[in-house]
Amino acid sequence: MKFISTRGEAPALSFEDALLAALAPDGGLFMPEAWPRLEPDEIAALAGLDYADAADLIMSPFLAGDPCQDDLQSVLAEAYDAFHHPAVAPLSQIGPNAFILELFHGPTLAFKDLAMQVVSRFMNRALLRRGGHATVVGATSGDTGAAAIEAFRGLDAIDVFILHPKGRISDVQRRQMTTATEANVHNIAVEGTFDDCQAIVKALFADRPLCGRLGLTGINSINFGRILAQVPYYFTAAVSLGAPHRPVAFTVPTGNFGDIFAGYAARAMGLPVSRLVIATNLNDSLPRAFASGIYEPQGVVATSSPSMDIQLASNFERLLFELAGRDAVRVRVWMDELRATGAFRLSQGELGQLRDLFGAHSVGEHETEMTIRGVFEETGMLIDPHTAVGVAASAQESDRGITPMVVLSTAHPAKFPDASSGRRGACPSSPSACGFALASTKRCTVLPSDVAAVAEFIVGHSRAEPVRAEAGA
Ligand SMILES: *Cc1c(COP(=O)(O)O)cnc(C)c1O
């Protein structure tokens, strides 16, 4: 399968090349040239499979014809072996027809592990096969960086530079990132917001000579590999609840729109997903866009769900590409307008199309706290603030009842212990196997929110030689 850019001005690449490139050279995001379809009997046959085996069947068509297709089975087996739950992504029930999909059983206790553990292995194997080195650069609002550092630490072929907004991530997230002692791991605390970090990463990728020199690659959800590895749990959850014979709805705590776009991908592949609900905290650029038709990201507000303190949802571009009937010219017009004026407007027709499938709700801080309390009182279950945003948003959907609603639980409550306790005196305990790094060693460099300063630091500390492209690629 080939991967094309949402902006239509970059050559189509194989999965492996798109994985290593991360962002298309025209500034667009990679998309599969067509969505592979799973027939209803193929979906039904996923029932009862091991998570890794189900993921293999779902992801395999995207890798068709690629050398890494041979790695898929062993990559998935290794990646999910380290999870703390044998089901990898188990469902639990919190109400009549209301479920939580627990995506926090990986090594850093957030859903990012499900994809990062897969992507790191694919990248490493591809580089070993090609004899290259690469420099991973990523922006994080907390969980991506922790998951990436955990997944990439100690790899010989890859250096990792993770930018986080200084002082805006949780204590556990900071410790998970800055206590890795491996020489290939570099933490940069940027004096700014997550959106600033993301803008710096995008600027670095736009510097083609620098990309070539460092073999720059990205592990943010702009990398299609991340999205792809998040598709399987939509299938396994829906099949557990009766798909393909029964439709299922999902509510997804959303920041950069990667996770929920994986749900869109599952639907495009044939899974009967009746509704996808975007749940945001006070950073509500998406719910505002769905209400008014105007997408206008504003300043980031700090909340108790910091991994979603994002206004500029990068992966929304992928949905826009689909909405435009894959017309890259239309996407470029929207993106140019966004860059020039800070906003763009969708037509009434386009807005109607989006609303047919998507709901979008913003959840305030008080409501988040009350939801944590309510779920604890009703079920005895502790949920983290990101999950609580999802639960509260799902409650705002009117069509509840016959269709099962699955809320994605994106982080373990132990990762955000203060907010998750709901001030009830209940304190989430972390799984003993999670191995929180509580050591006092802190490896972190503070830099201003400035592209040149970050570039200089990376050049000075990267061991990478350029990735050798496959012949003809
Ligand atoms: C990253 C993250 C999200 C948001 O996911 P996106 O793919 O960026 O929308 C939500 N919750 C948690 C805990 C996260 O780490």
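Helices (H or I, at least four residues) and strands (E, at least two) are DSSP runs, numbered from the N terminus. With that in hand, let's walk through this predicted model, where local features need pLDDT of at least 70, side-chain atom pairs count only at pLDDT 80 or more, and totals for chains, interfaces and linings use all residues. Residues are numbered from 1 along each chain as its sequence is written, and side-chain values use heavy atoms, with hydrogens and water left out.

K112 is buried, at 9% relative accessible area. Here buried means under 20% relative accessible area, exposed over 50%, and partly exposed in between (1.4 Å probe, protein chains only). Leaving aside neighbours within four places in sequence, K112 is in contact (heavy atoms within 4.5 Å) with D143, T144, A147 and R226.

Now for the inside. A nonpolar core is a set of buried Ala, Val, Leu, Ile, Met, Phe, Trp, Tyr and Cys residues joined through side-chain atoms within 4.5 Å. The largest one has 116 residues, and F152, F250 and F358 have the most contacts inside it. Helix 5 (residues 112-130) supplies the largest share of this core, 9 residues. Not counting residues up to four places away in sequence, F152 touches M116, S120, M123, V136, I158, V160, N184 and I219. There's also a second, separate core of 26 residues, including V190, L210, L447 and I458.

Zooming out, the chain has 20 helices and 16 strands. Its C-alpha trace spans about 55 × 50 × 45 Å along the principal axes. Buried residues make up 61% of the 473 residues.

Most residues other than glycine have a negative phi, and most peptide bonds are trans. Two residues go the other way on phi:

| Residue | Phi | Relative accessible area |
|---|---|---|
| V88 | about 65 degrees | 4% |
| R326 | near 65 degrees | 25% |

V88 sits in the loop between helix 4 (72-81) and strand 4 (91-95) and counts as buried. R326, in the loop between helix 14 (316-323) and helix 15 (328-341), is partly exposed. As for peptide bonds, a cis one joins A243 and P244, with omega about 10 degrees. P244 belongs to the loop between helix 11 (232-240) and strand 10 (248-253).
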